[in-house]
Amino acid sequence: MSHFSLRRASAIVLRQFYLMRESLSRIMPLFVWVGVDIILWGFITKYLNTITSSGGRFVPTLLGAVLFWDFQTRVMQGITTAFFEDVWSRNFLNFFATPLTVGEYIAGLVMTTIATSGVGLFVMWVLATALFGFSVFAYGALIIPFLFVLFLSGIALGIFGSAVVLRLGPAAEWFIWPIPALISPFVGVFYPLSTLPVWMQKIARALPPSYVFEGMRATIDHHAVDQGALWLGAALALIYIVLACLFFARTYRQALRSGLIARYSAESVS
């Protein structure tokens, strides 16, 4: 087996760049949906501030939660969308007629989402700051571990989602888009985990984003943040990334052995 090559992994990034370079339909989603979310929730938080006496805490609490959650979602979708581009164009199999390995392909997807999610995060931050006075300095230096854990979590979800589609076929992509919405009630994006029933809290402890949003609220409320919990969230996310990569590689090998990969088409689900 050939050794890992950063140059070959970078070729995946270069392909995505060429796809987006002259395609407005691929570039616009990087800006439009994150902008809509920030503007919508920004005005909601502004309204809530006018009817309460909380001193403006809704902006860093709710608007910050939206920004963080959208960031993780964009990281996940950066990976899955890049993978879907190869599926939609019937180009996925062509990559592996080259020396490219599965690990290099996954690394290329991850490097692609670093760029796309970074653009989305910057747009959200600019809009939230310019329109609603949102400041990342409200979270202090913890903004870095918060984003880091969410980034790792998004990568794990993206690789897992891509593996599911690789196993079930392109039509299964509709199973992937709702994943962020399905897990959001468990991670306490907009409310403390203590409001959840016990069985949901147990699930929340296994989900890395829950530690970020609990830490975010503690920071805004001027409480001590359990940094050990953030490390636990990061460790869980890394474990999930490893498991997702193993799942993707195993699924690819099974598709290769069974011949499913040669019959990969947008009309079939096996």
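## Basis of the report

A salt bridge is counted here when a side-chain nitrogen of Lys or Arg lies within 4 Å of a carboxyl oxygen of Asp or Glu. The model is predicted, so local features need pLDDT of at least 70 and side-chain atom pairs count only at pLDDT 80 or more, while totals for chains, interfaces and linings use all residues. Residues are numbered from 1 along each chain as its sequence is written, and side-chain values use heavy atoms, with hydrogens and water left out.

Across the whole structure, three salt bridges are found. In one of them, arginine 8 and glutamate 104 meet through their side chains at 2.7 Å, N to O. Because arginine 8 belongs to helix H1 (residues 6–21) and glutamate 104 to helix H6 (residues 102–132), the pair ties together parts 96 residues apart in sequence; helices are DSSP runs of H or I with at least four residues, numbered from the N terminus. Glutamate 104 is buried at 0% relative accessible area, whereas arginine 8 is partly exposed at 22% (buried means under 20%, exposed over 50%, partly exposed in between, with a 1.4 Å probe and protein chains only).

Aspartate 86 and arginine 15 form another salt bridge, at 2.4 Å, N to O, which links helix H4 (residues 58–88) with helix H1 across 71 residues. Aspartate 86 is buried, with a relative accessible area of 1%, and arginine 15 also counts as buried, at 18%.

Glutamate 214 pairs with arginine 217, their closest N and O atoms being 2.8 Å apart. Both residues lie in helix H10 (residues 208–220), three residues apart, or about one turn of the helix. Glutamate 214 is partly exposed at 31% relative accessibility, while arginine 217 is buried at 9%.

Conventions
Helices (H or I, at least four residues) and strands (E, at least two) are DSSP runs, numbered from the N terminus.
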